[in-house]
Amino acid sequence: MSTQQQTLSLTELAIEQLHRSRNFVLALLETLSDDQLHVRVGGGNHALWIMGHLAFADDAFSSAFLDEPSCLPAEHRELFTNGTTPSDNPADYPDREELLERMTTARNRFIKWAQTLEGDALWQASPEAIASVADNAITAVHTLSQHDFIHGGQITTIRASLGMKPVFG
């Protein structure tokens, strides 16, 4: 069978989408200076909060499916969980490099778990903590990819408010 005739498994496709969505967000973040990371538009989220929130979400999903504690510092959840209001003071947050490291750590942990999904495990019911946003394991993988794109749109809005040209297209 030639490479062109091979197809990705559901798991491989979902993991590929995780890489694509994260690369989209990272490309947008690269265009912002450190001073621009705390710009908020219309009371929305700023990039520092988005970075921490994406790490939080990956970690929350991994922790739920693995039934393990968080891999992030204890104070991380308080700053970045759903429903928190971003502070306008950048000093309230870890710096760019620390947040990028947390994003990478949490995403890698999630991908490592996702790589184990095959057969019936793809359809295992999500733990209660995340069942409201993802019914099952494979949906959870896609949900985090979509989550990246949602917050990538917020970064795009921040960039537009700063008069920056689109990164893509």
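**Helix packing and aromatic pairs**

In the predicted model, helices α2 and α6 are roughly antiparallel to each other, since an angle over 145 degrees counts as such. Helix α2 (residues 47-66) packs against helix α6 (residues 137-161) at an angle of about 175°, and their axes lie 10 Å apart. On the side of α2 the contact is made by Ala47, Trp49, Ile50, His53, Leu54, Ala57, Asp58, Phe61 and Phe65, which meet a set of residues in α6 that includes Ala137, Ala140, Leu144, His147, His151, Ile155 and Ile158. The residues of this contact comprise 12 nonpolar, 5 polar and 2 charged ones.

The count of aromatic pairs comes to 6. In one of them, the ring centres of phenylalanine 61 and phenylalanine 110 are 6.3 Å apart and the ring planes stand at 75°, so the pair is edge-to-face. Because phenylalanine 61 belongs to helix α2 and phenylalanine 110 to helix α4 (residues 96-114), the pair ties together parts that are 49 residues apart in sequence. Phenylalanine 61 counts as buried at 7% relative accessibility, and phenylalanine 110 is likewise buried, with a relative accessible area of 0%. Phe61 and Phe110 also form one aromatic cluster with Phe65 and Trp113.

A further pair joins phenylalanine 80 and tyrosine 93, whose ring centres are 5.6 Å apart and whose planes lie at 40°, so that this pair is tilted. Phenylalanine 80 is located in helix α3 (residues 76-80) and tyrosine 93 in the loop between α3 and α4, and the pair therefore ties together parts that are 13 residues apart in sequence. Both phenylalanine 80 and tyrosine 93 are buried.

Conventions: Residues are numbered from 1 along each chain as its sequence is written. This is a predicted model: local features need pLDDT of at least 70, side-chain atom pairs count only at pLDDT 80 or more; totals for chains, interfaces and linings use all residues. Side-chain values use heavy atoms; hydrogens and water are left out. Axes are lines fitted to C-alpha atoms, for helices over the stretch in contact, and angles run from 0 to 180 degrees between N-to-C directions. Helices (H or I, at least four residues) and strands (E, at least two) are DSSP runs, numbered from the N terminus. Angles under 35 degrees count as roughly parallel, over 145 as roughly antiparallel, 65 to 115 as roughly perpendicular and the rest as oblique. Contact means heavy atoms within 4.5 Å. Ala, Val, Leu, Ile, Met, Phe, Trp, Tyr, Cys and Pro count as nonpolar, Asp, Glu, Lys and Arg as charged, and the others, Gly among them, as polar. Rings of Phe, Tyr and Trp (its six-membered ring) pair if their centres lie within 6.5 Å; planes under 30 degrees apart count as stacked, over 60 as edge-to-face and the rest as tilted. Buried means under 20% relative accessible area, exposed over 50%, partly exposed in between (1.4 Å probe, protein chains only).
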